[in-house]
Amino acid sequence: MRKYILKRLLSMIPAVFVVSVVIFLIIHLTPGDPAAVMLGDQADPEAIAALREALGLNDPLPVQYLRWLGGVLQGDLGQSLYSDESMISMLLSHLGPTLSLTVFALAISLIAAVPLGILAARKRGALADNAISVFSMIGISMPSFLLGLLLMLVFAVTLRWLPAAGYKTLAEDGMAEHLRYLVMPSIALGFMEAGLILRMTRSSMLEVLGSDYIRMAKAKGEKSLAITCKHAFKNALIPIVTTVGQTFMGLLSGATVVESIFNIPGIGKMTITAVQQRDYEVVQAVVLFVSMINIVVCLVIDLIYAAIDPRVRLSA
């Protein structure tokens, strides 16, 4: 098992390097001059050139990349071109709302999707299966921004049950108020992913329920619920775990739109502002941070595979 973990950790090194190169090139080859944006439309070309020189933007791209990479390897993700605030402090100050939104949306997706997927597999072809399939198709087809606006119209504007926008911290305002502000954005963010998890759960459970050992368990007289929970679900977990890992990253990336709609001060909203201002340092740091989370999530999924499937442990 240790050998398996070490191999997976070593395989992350070239992945991180490639990701850093791609991020840097995409950001710096995108049209737009941060110096011109910072000084405004009426700025003199000489002032823009002087600011570019001060920011190091006139250096060749390989020099800029090596300077940035050297800082990253030392734990320095750079500073915002506008506020001179370190990226570490900016990420930490905006990470809480994004993580709360993502985790709550994932919890809603799992609570809704996994039981419904199991039920649909057990009732294959029945009315319940058809109704759940329609629900999953609606979830997959409904964009998060549209669902967010609909929820806002119904529950905030018409019924006045929930706040239309904003964010309350858990530490300062308590759990109840924290969740009141997260309910609508979490549903809007997690509804599409719930549809994906539901379909994968149903498909994986159907494959397992058709296996010979399941038929043998039925022939021995075991109860249907015991067969589903004790035998089928555990063996159907691997594709479900894969989907959940992909869902987490989808939620983390998709939080950008939802945070903008509901005015949540998370990493997504910070990134949109940085893109509009051509703040290279912020965008680079955020994309690298999210990419690193993606790599870590993939590692965690592999470790879960090893815990679930003994064949993975044996091959390690």
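Visitor: Why is Asn263 counted as partly exposed?
Guide: Asn263 has a relative accessibility of 40%. Buried means under 20% relative accessible area, exposed means over 50%, and partly exposed is in between (1.4 Å probe, protein chains only). The 40% of Asn263 falls in between, so the residue counts as partly exposed. The model is a predicted one, in which local features need pLDDT of at least 70 and side-chain atom pairs count only at pLDDT 80 or more, while totals for chains, interfaces and linings use all residues. Residues are numbered from 1 along each chain as its sequence is written, and side-chain values use heavy atoms, with hydrogens and water left out.

Visitor: Where is Asn263, and what is its phi?
Guide: Asn263 sits in the loop between helix 11 and helix 12 (267-277). Helices are DSSP runs (H or I, at least four residues), as are strands (E, at least two), and they are numbered from the N terminus. The phi of Asn263 is near 55°, a positive value in a residue other than glycine. Arg160 also has a positive phi, of about 60°, although it is not a glycine. Its place is the loop between helix 7 and helix 8.

Visitor: What makes Arg160 exposed rather than buried?
Guide: Arg160 has a relative accessible area of 69%. This value is over 50%, and therefore Arg160 is exposed.

Visitor: How do you know whether Thr243 is buried or exposed?
Guide: The relative accessible area of Thr243, in helix 11, is 10%. That is under 20%, so Thr243 is buried.

Visitor: What does the side chain of Thr243 reach, and which residues does Thr243 touch?
Guide: The side chain of Thr243 reaches the backbone oxygen of Pro239 at 2.9 Å. Not counting residues up to four places away in sequence, Thr243 touches Leu196, Ile197 and Met200. Contact here means heavy atoms within 4.5 Å.

Visitor: What makes a set of residues a nonpolar core, and how many residues has the largest one here?
Guide: A nonpolar core is a set of buried Ala, Val, Leu, Ile, Met, Phe, Trp, Tyr and Cys residues joined through side-chain atoms within 4.5 Å. The largest has 47 residues, and those with the most contacts inside it are Leu101, Leu189, Met205 and Phe262. Among the elements that give two or more residues to this core are helix 5 (87-122), helix 8 (170-209) and helix 13 (280-308). Helix 8 gives the most, with twelve residues. Apart from this core lies another, of 21 residues, including Leu69 and Met270.

Visitor: Why is Arg202 with Asp129 called a salt bridge?
Guide: The side chains of Arg202 and Asp129 meet at 2.8 Å, N to O. A salt bridge is a side-chain nitrogen of Lys or Arg within 4 Å of a carboxyl oxygen of Asp or Glu. The distance of 2.8 Å is within this limit, so the pair is called a salt bridge. The pair links distant parts of the chain, with Arg202 in helix 8 and Asp129 in helix 6 (residues 127-141), 73 residues apart. Arg202 is partly exposed at 22%, whereas Asp129 is buried at 2%.

Visitor: How many salt bridges are there by this rule?
Guide: The count comes to three. In another of them, Asp59 pairs with Arg67, the closest N and O atoms being 2.9 Å apart. A further one joins the side chains of Glu177 and Arg180, at 3.3 Å from N to O. Glu177 and Arg180 both lie in helix 8, three residues apart, which is about one turn of the helix.

Visitor: Which residues form a nonpolar patch on the surface, and what makes it a patch?
Guide: Phe145, Leu146, Leu149, Leu150 and Val257 form the patch, with about 410 Å² of accessible area together (Shrake-Rupley method, 1.4 Å probe, only the protein chains shown counting as cover for residues). Patches are made of residues with over 30% relative accessible area and no salt bridge, nonpolar side chains (Val, Leu, Ile, Met, Phe, Trp, Tyr) being joined within 5 Å and like charges within 9 Å. Helix 7 supplies the largest share of the patch, four residues.

Methods:
Polar contact = N/O pair within 3.5 Å; in protein donor to acceptor, adjacent residues only side chain to side chain.
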